[in-house]
Amino acid sequence: MDIKSFLPHLLSEKDRDKPWEEWVPGAVLFADVSGFTPMSEALSVLGAEGGEVLTDVLNRYFAAMIGIVHAHGGQVMKFGGDAILCFFPESSLSGKGRQAAGSRQQDKTKLPNLELGTWNSEPGEEEGGSISLLRALHAARQMQAEMPRFQNIRTPVKKFALKMKIGLAHGECLLAGVGDPAVRCDYVFAGAPVDATSDAEHHAVAGEIIFAGEKYKLQSANCKMEEVKPDFWRILDVPARDSAETDHANRTLKGAATTPSPTTDYGLRTTVSSYLIREVHDLVSSGPKAQVAALLEIVPVFLKFTGFAY
């Protein structure tokens, strides 16, 4: 197990002396699942066996969903219990597209031509527009299409079903590295699009994808949508990709599902290791081995800070 796999690839590219910050354009996807809480409560009566069953289900679910995200050019930025917050960087915009995206921040009346029916894996082929949003839309659709696999989960206690809601948004996000490498570090992934995905997910019901933002962004992607409330849109259909891109995504997805070769290279910088809590770091750095889950009684503390102006 590689300790670097615990961090988004985007972070490892940009990490440097703390503190640092950078604004990165792209699409944000927030997927929340219902069903794990009653499952964990029911399985807790089985002790260690219940923990292993729950871990197996979690592994199968997250392996499927994260594989889809990676296959569409996205990265998992944060886990929130059984929810995942993902980012699709706007790395495939051509120079003209980047200038157009930047100009929108200056003048909302000057909108680029965003007519896109498919997306391409090679940068520079588009005349402008959000390739990241289209990739996030395709990923969201495929993630929902995978959920029937988790509608009849058999456990020693009873059967369970998982249901998922997805919120999407697009714009510039704040990525920052904070903390002291000698003590503990963390990375910040924030901004209006991140907040908007949570709001969008709250307007969804199980099986739905809700986009928060301007209608023209969905129109440019040739999506079919309906308004839920002002600036919130239910995605009804996403245009299919061409066959070459579908094959590329399927190959990537298949590769993501393959178990990587064990590695014992843990000679990473202290600043990278400090992103993990000490207990997790010690488990990972001890080398590949079977991890047995444990259900522990703990006291969670949640602190929320308000008043930030991005």
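A residue counts as buried under 20% relative accessible area, as exposed over 50%, and as partly exposed in between. Keep that scale in mind for several of the stops. Remember too that this is a predicted model.

**The whole chain**

Start with everything shown. The chain has 310 residues, and 45% of them count as buried. Colour by secondary structure to pick out 10 helices and 10 strands. Now think about contacts with a sequence separation of 6 or more: 69% of these join residues 24 or more positions apart.

**Stop 1: Pro19**

Select Lys18 and Pro19. The peptide bond between Lys18 and Pro19 is cis, and its omega is near -10°. Most peptide bonds are trans. Pro19 sits in the loop that runs between α1 (9-14) and β1.

**Stop 2: helix α2**

Go on to residues 36-43, which form helix α2. Which residues of α2 are buried? They are Phe36, Met39, Ala42 and Leu43. An α-helix has 3.6 residues a turn, so residues three or four places apart point the same way. Look down the axis of α2: the buried residues fall within an arc of 130°, so they line one face of the helix. Next, show what covers the buried residues of α2. The cover includes β1 (20-34), α3, β4 (153-154) and β5 (159-160).

**Stop 3: α2 against α3**

Two packed helices are described by the angle between their axes and the distance between the axes. The axes of α2 and α3 come within 8 Å and cross at roughly 155°. Angles over 145 degrees count as roughly antiparallel, and α2 and α3 are therefore roughly antiparallel to each other. Their crossing is right-handed.

Show side chains at the contact. From α2, pick Phe36, Met39, Ser40 and Leu43. From α3, pick Gly50, Val53, Leu54, Val57, Leu58 and Tyr61. By class, this α2–α3 contact has 8 nonpolar residues, 2 polar ones and no charged ones.

**Stop 4: α3 against α5**

The crossing of α3 and α5 is right-handed.

Select Met65, Ile68 and Val69 on α3, then Ala139, Gln142, Met143 and Glu146 on α5. These residues make the contact. By class, the α3–α5 contact has 5 nonpolar residues, 1 polar and 1 charged.

**Stop 5: Ala83**

Centre on Ala83 in strand β3, residues 83-89. Is Ala83 buried or exposed? Ala83 counts as buried, because its relative accessibility is 3%. Leave out residues up to four places away in sequence, and Ala83 touches Phe30, Ala31, Asp32 and Lys78. Draw a distance from Ala83 to Phe30. Their C-alpha atoms are separated by 7.2 Å, though the two residues are 53 apart along the chain.

**Stop 6: Gly207**

Jump to the loop between α6 (192-202) and β8 (209-212), where Gly207 is found. Gly207 is partly exposed, with a relative accessible area of 48%. Apart from neighbours within four places in sequence, Gly207 is in contact with Gln144 and Met164. Gly207 and Met147 are 60 residues apart in sequence, yet 8.3 Å apart in space from C-alpha to C-alpha.

**Stop 7**

Most residues other than glycine have a negative phi. The last two selections have a positive one.

Select Asn222, in the loop between α7 (215-220) and β9 (224-229). Asn222 is not a glycine, and its phi is positive, about 60°. With a relative accessible area of 37%, Asn222 is partly exposed.

Finish at Asp231, in the loop between β9 and β10 (232-237). Phi of Asp231 is near 70°, again a positive value in a residue other than glycine.

Conventions. Residues numbered from 1 in each chain as written. Predicted model: local features only at pLDDT ≥ 70, side-chain atom pairs only at ≥ 80, totals over all residues. Heavy atoms only, no water. Left-handed = near helix turned anticlockwise from the far one by under 90°. Helix = DSSP H or I, 4+ residues; strand = E, 2+ residues; numbered from the N terminus. Contact = heavy atoms within 4.5 Å. Nonpolar A, V, L, I, M, F, W, Y, C, P; charged D, E, K, R; others polar. Buried < 20%, exposed > 50% of the residue type's maximum accessible area, 1.4 Å probe, protein only. Arc of directions from axis to C-beta. Axes fitted to C-alpha atoms, helices over the stretch in contact; angles between N-to-C directions. Parallel < 35°, antiparallel > 145°, perpendicular 65-115°, else oblique.
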